[in-house]
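Please read the report below alongside the sequence and the coordinates.

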Amino acid sequence: MTRSQSLLALSRRYLSTTTTKPTTTAAAAAATATATTPGRHTFCLGRTQTQTPQQQPQCLQRLRHTPPRHPIRSYHSAHHPSPPHEYSNSQTTILSAALRHVPSHGFTRDALTLGARDAGFLDVSVQLLPRGEFDLILFWLASRRGLLRSRVEEDALLQSPQGPLSTDQKVKILVMERLRMNVEVRDKWQDALAVMSLGENIPSSLSELHSLLDDILDLAGDVSVDASWYSKRMALAAVYTSSEFVMTRDESVDLRDTEEFLSRRLADTKAVGEKITGVKQCLGFMGSTAVGLGRSWGLKI
């Protein structure tokens, strides 16, 4: 074999070995993206101690053929669970500890700092919460919703010795129970409402309010699936927010003035709803009469 023939054979052997390597540019980019994505495992980037070179091609192939995750639907359904909690373990620990300081320090950075210290974190750990005080407010609202549900399921809040309660009675009990949970932060709640009303915070604030109204009507046994599903939540939102504002100025025993205000607002809302229903029935009757009269005139309707 000549020198040129030997060099040609070596080059062919080199090309055959390099073309069988499984790591392509696209696969390497996908592996790097997976390794830098928070919350995902990095076993596909390079070799781990328990991974042989023969196992790496299968790993990259699984990565390339992973089907896309379906987006979470925005509509409400009892058959679709809520998305997982958005806070990490460290954030939840700090926020839970900070809630104990809210009655004395309000929904402030001082409460967050004290909560971080109580949980064994450094003061700088409050930077884990990018929205600061607003994160503390949202965590307060979410925790009170969970407490309200536990009062119903474990403490039999809606059980009455006089017999079964109506849906309206249950709604009133649930709203008052939720308002009483704000008594210890009553003098700090107006500041919290001001933070929630800021432009960038309004979407999350409305989403939390919607979740509370969903819980209240669900616990009260409301099973409507027609257009009243929306009207009831809009009406209850107006009643709850106005009662919440009254609660911040209520100095009576056990929020008696707030409860009387709530009773009047619920009665007014019910009366308006009945009037609207009557108007709809009247308009429906007039519409059907007009259609019948038009058909008697020969109109094709």
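## A buried aspartate and its surroundings

Aspartate 135 sits in helix H7. Helices here are DSSP runs of H or I with at least four residues, strands are E runs of at least two, and both are numbered from the N terminus. This is a predicted model, in which local features need pLDDT of at least 70 and side-chain atom pairs count only at pLDDT 80 or more, while totals for chains, interfaces and linings use all residues. Residues are numbered from 1 along each chain as its sequence is written, and side-chain values use heavy atoms, with hydrogens and water left out.

Is aspartate 135 buried or exposed? Its relative accessibility is 2%, so aspartate 135 counts as buried. The cut-offs are under 20% relative accessible area for buried, over 50% for exposed, and partly exposed in between, with a 1.4 Å probe and protein chains only. Beyond its neighbours within four places in sequence, aspartate 135 contacts Tyr87, Leu95, Leu129 and Pro130. Contact means heavy atoms within 4.5 Å.

Leucine 95 belongs to helix H4. With a relative accessible area of 0%, leucine 95 is buried. Not counting residues up to four places away in sequence, leucine 95 touches Tyr87, Leu112, Leu129, Asp135, Leu136 and Phe139. Leucine 95 and leucine 138 lie 43 residues apart in sequence, and their C-alpha atoms are 9.9 Å apart in space.

## Chain and confidence

The protein chain has 12 helices and zero strands. Buried residues account for 30% of its 301 residues. Among contacts between residues at least 6 apart in sequence, 63% join residues at least 24 apart.

The average pLDDT of the protein chain is 75, and 61% of the residues score at least 70. pLDDT is the predictor's confidence in each residue, from 0 to 100. Two stretches stay under 50. Over residues 17–84, pLDDT is under 50 and the model has 37 contacts beyond four places in sequence. Over residues 275–280, pLDDT is also under 50, with zero such contacts beyond four places in sequence. Where pLDDT is low, the predicted coordinates should not be read in detail.

## The nonpolar core

How many residues does the largest nonpolar core have? It has 46, and those with the most contacts inside it are Phe107, Leu136, Leu174, Val175, Trp189 and Ile216. A nonpolar core is a set of buried Ala, Val, Leu, Ile, Met, Phe, Trp, Tyr and Cys residues joined through side-chain atoms within 4.5 Å. H4, H6, H7, helix H8 (167–180), H9, helix H10 (202–219) and H11 each give two or more residues to this core. H7 supplies the largest share of this core, nine residues.

Leucine 136 is in contact with Leu95, Ala98, Leu99, Val102, Gly106, Phe107, Thr108, Ala111 and Leu112, leaving aside neighbours within four places in sequence. Helix H6 (residues 109–118) has Ala111, Leu112, Thr113, Gly115 and Ala116 as its buried residues. These buried residues of H6 pack against helix H4 (89–98), helix H5 (102–105) and helix H7 (133–153). Glycine 120 follows H6 and has a positive phi, near 90°.

## Helix pairs on H11

Axes are lines fitted to C-alpha atoms, for helices over the stretch in contact, and angles run from 0 to 180 degrees between N-to-C directions.

| Pair | Angle | Axis distance |
|---|---|---|
| H9 (residues 186–196) and H11 (residues 228–247) | about 130° | 9 Å |
| H10 and H11 | about 110° | 10 Å |

H9 packs at about 130° to H11, which makes H9 oblique to H11. On H9, the contact uses Arg186, Trp189, Gln190 and Leu193; on H11, Glu244, Phe245 and Met247. These residues divide into four nonpolar, one polar and two charged.

H10 meets H11 at about 110°, so H10 is roughly perpendicular to H11. Angles under 35 degrees count as roughly parallel, over 145 as roughly antiparallel, 65 to 115 as roughly perpendicular and the rest as oblique. The H10 residues in the contact include Leu209, His210 and Ile216, and those of H11 include Trp229, Arg233 and Tyr240. By class, the contact of H10 with H11 has nine nonpolar, two polar and three charged residues. Ala, Val, Leu, Ile, Met, Phe, Trp, Tyr, Cys and Pro count as nonpolar, Asp, Glu, Lys and Arg as charged, and the others, Gly among them, as polar.

Most residues other than glycine have a negative phi. Aspartate 254 is not a glycine, yet its phi is positive, about 55°. Aspartate 254 lies in the loop between H11 and helix H12 (256–296). At 49% relative accessibility, aspartate 254 counts as partly exposed. Leucine 255 also has a positive phi of about 55° without being a glycine, and its place is in the loop between H11 and H12. Leucine 255 counts as buried, at 2% relative accessibility.
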